[in-house]
Number of protein chains: 2
Amino acid sequence: MITNIDHIGIAVKSLEESIKYYETALGLHCHGQETVESQKVKTAFFAAGEVHIELLEPTSPDSPIAKFLEKNGEGIHHIALATDGIEGQLKKAADAGVRLIHEVPIDGAGDKLVAFLHPKSTHGVLTEFCQAR
Amino acid sequence: MITNIDHIGIAVKSLEESIKYYETALGLHCHGQETVESQKVKTAFFAAGEVHIELLEPTSPDSPIAKFLEKNGEGIHHIALATDGIEGQLKKAADAGVRLIHEVPIDGAGDKLVAFLHPKSTHGVLTEFCQAR
């Protein structure tokens, strides 16, 4: 089952400028940064209650986030739903006709298993399932 | 200060179809529906941990959500950050150069005070502050 929202991923052009906005204008505290080579992004994390806000800056023009920025500009990229059973959650979605980007979970940041659902079959929301190992 | 994420607002064409998706494919439970006349929307709520997912269907072609759908299609519309001091939060944002849609809080759904920040000055995220009365 879905237990909570793990994080909200937001595509930004510059981590430095966006971190400044989140810290100065909202008063949130950046508690970590990490480069995810496989996704060609640099990330920065903020906590808002139990949810993390994850800023994503592309490190290469062929990063998925670079393509998103080109098409949409800065904005919310995905929502990650934490589950206590990612395989069952994927099966439930597939059974309901949802198009899976990952048929089986892959390794994600923070030692998690993750899998994405295609926004064309989720009413426009790029949706991630994630489960702590 | 920001205490948590209160809700994520998602623009949809049809509440009925989207509720079916959230219930069947994700296994979430719709725990309420409400029409907000002032915003010309019908809303449906789901809980995911401490965060509510709020689906928004326009009730009129001149609803802000109808305009959003026309421009962007279905997808995430805004994020609402709960605060324990909305006036101070607005002042902090204004002092940091953020463009406020509401200079002072207005009445929102669920007996809350709410105010929005313009996405052009929040790195692309339509952001709501909200505070329980």
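Reader: How many bridges join strand 2 of chain A to strand 3 of chain A, and in which sense do these strands run?

Author: In this predicted model, six bridges join strand 2 of chain A to strand 3 of chain A, residues 41–48, and the two strands run antiparallel.

Reader: Which residue is the bridge partner of A:T35 in strand 3 of chain A?

Author: The partner of A:T35 there is A:K42.

Reader: And what lies between strand 2 and strand 3 of chain A in the hairpin?

Author: Four residues lie between them, and A:K40 in the turn has a positive phi of about 55°.

Reader: What holds paired strands together in general?

Author: Strands of a sheet pair through backbone hydrogen bonds, and the pairing may be parallel or antiparallel.

Reader: Let us turn to chain A as a whole. How many helices and strands does it have?

Author: Chain A has three helices and eight strands. Along the sequence they follow the pattern β-α-β-β-β-α-β-α-β-β-β.

Reader: What does the radius of gyration say about chain A?

Author: For 133 residues, a compact globule would have a radius of gyration near 14 Å, and the 15 Å of chain A agrees with that. The C-alpha trace of chain A spans about 45 × 30 × 25 Å along its principal axes.

Reader: What share of the residues in chain A is buried, and what of its surface?

Author: Of the 133 residues in chain A, 54% are buried. The accessible surface of chain A comes to about 6300 Å², and carbon and sulfur atoms account for 50% of that. As for contacts in chain A with a separation of 6 or more, 51% are between residues 24 or more positions apart.

Reader: Which side chains make polar contacts with the side chain of A:H7?

Author: One is that of A:E54, at 3.2 Å. Another is that of A:E128, at 3.3 Å.

Reader: With which residues is A:H7 in contact, its neighbours within four places in sequence aside?

Author: Those residues are A:V51, A:H52, A:E54, A:H78, A:I79, A:A80 and A:E128.

Reader: What about A:N4?

Author: A:N4 is found in strand 1 of chain A, which covers residues 2–11. A:N4 is buried, with a relative accessible area of 18%. Its side chain makes a polar contact of 2.8 Å with the side chain of A:T3.

Reader: Which residues beyond its sequence neighbours does A:N4 contact?

Author: Leaving aside neighbours within four places in sequence, A:N4 is in contact with A:E50, A:A80, A:L81 and A:A82 of chain A, and with B:A48 and B:G49 of chain B.

Reader: That brings me to chain B. Where does B:G49 sit, and what phi does it take?

Author: B:G49 belongs to the hairpin of strand 3 and strand 4 of chain B, which has two residues between the strands, and its phi is positive, near 65°. These two strands pair in the antiparallel sense over eight bridges. In strand 4 of chain B, B:P58 is the bridge partner of B:V41.

Reader: How does strand 3 of chain B pair with strand 2 of chain B?

Author: Strand 2 (residues 30–36) and strand 3 of chain B run antiparallel and are joined by six bridges. B:T35 stands opposite B:K42. The hairpin of these strands has four residues between them, and B:K40 in the turn has a positive phi of about 55°.

Reader: Why is strand 3 of chain B described as largely enclosed?

Author: Six of its eight residues, within 41–48 of chain B, are buried, so the rest of the structure largely encloses strand 3 of chain B.

Note on methods: Residues numbered from 1 in each chain as written. Chains lettered and ligands numbered in written order. Predicted model: local features only at pLDDT ≥ 70, side-chain atom pairs only at ≥ 80, totals over all residues. Heavy atoms only, no water. Buried < 20%, exposed > 50% of the residue type's maximum accessible area, 1.4 Å probe, protein only. Polar contact = N/O pair within 3.5 Å; in protein donor to acceptor, adjacent residues only side chain to side chain. Contact = heavy atoms within 4.5 Å. Pairing = 2+ DSSP bridges. Rg over C-alpha atoms; globule rule 2.2 N^0.38 Å. Areas by Shrake-Rupley, 256 points an atom, 1.4 Å probe, with all protein chains shown as cover.
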